[in-house]
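This report looks at pockets and at the pairing of strands. Please keep the sequence and the structure in view while reading.

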Amino acid sequence: VPMISPGSTNPQLTEKGYRGVFRVCGRDDQQGRVGAEFVINKLNLKRIAVVHDKTTYGQGLADEFRKFVKGKVEIVYYGGIIQGDKDFKTVLTSIRVKSPQLIYFGGIYPEAGLLVKQARELGIEVPFMSGDGTIDPKFLEIAGMKAAEGTYLTFSPDTRQIPTAKSFVENYEKKYGEIGPYSVYAYDAANILLAAVREAGSSEGKAVMDKLHTMEFSGALGKIRFDEKGDVTVSPYVVWITKDGRFIEY
């Protein structure tokens, strides 16, 4: 049975050799590299702390980031928190004495928001950086606009700036309100599967898989093709920043 994920970013999803597994988003090794290159080349930092939430996604992303900065930036702290916890001041106090220039977090918005909020309460004023799991309005709500200001995030380009996505975004927001970070990815994932069934002339699993591996799909995200692993052949990541209570491309 073929499967297309709109938001599963861990590299292992497509590294296991399952012919029927695909994704329309990028991978954490790609995302981690972009974050690392930004820290090294744009921010020119020398000392960072890395925190993760011990999940497959969060620790996976943090480890990819750490891999790409290793040898170029000193990692003064590396450790995990427990997803669902509410008080991270012990961890943050340990980080504070290490005097990092940035704190990188692998995880999602509930914990990211609390980490940023509590760090500011402890007088830690260095910037935070995280990944696509933190780009959610709830992050701003939990952290507070002032504390969240200046947080760096890696994600795909702004869908509002993608010409092929314009009509989808307009129609979505008329009907459902503000578009979510992965709305357009879910939309394309479903339509790619429907297109493969149509082009194969069958809903039989193998026929649909074969078509998914060879077809080019024109969707809201533009032209999409899958490689032999089921990853998209082009998966751009860019850096975003929180500014004035909004997420914008850096």
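## The largest pocket

Strand E11 gives the most to the lining of the largest pocket, with four residues, and E11 (246-249) and helix H6 (137-143) each supply at least two residues of that lining. Helices (H or I, at least four residues) and strands (E, at least two) are DSSP runs, numbered from the N terminus. The space in this pocket is about 470 Å³, and of the 20 residues that line the pocket, the closest to its centre are Asp 158, Arg 160, Glu 178, Trp 240 and Phe 247.

A pocket is, on a 1 Å grid over the protein atoms alone, an open set of points where a 1.4 Å probe fits, with protein on both sides within 12 Å along at least five of seven lines, and lining residues have an atom within 4 Å of a point. A volume is the space filled by probe spheres set on the points, which are joined across faces, edges and corners.

## Basis of the model

This is a predicted model, in which local features need pLDDT of at least 70 and side-chain atom pairs count only at pLDDT 80 or more, while totals for chains, interfaces and linings use all residues. Residues are numbered from 1 along each chain as its sequence is written, and side-chain values use heavy atoms, with hydrogens and water left out.

Strands pair if DSSP finds at least two bridges between them; E3 runs parallel to strand E4 (residues 74-80), joined by six bridges, and parallel to strand E5 (residues 102-106), joined by five.
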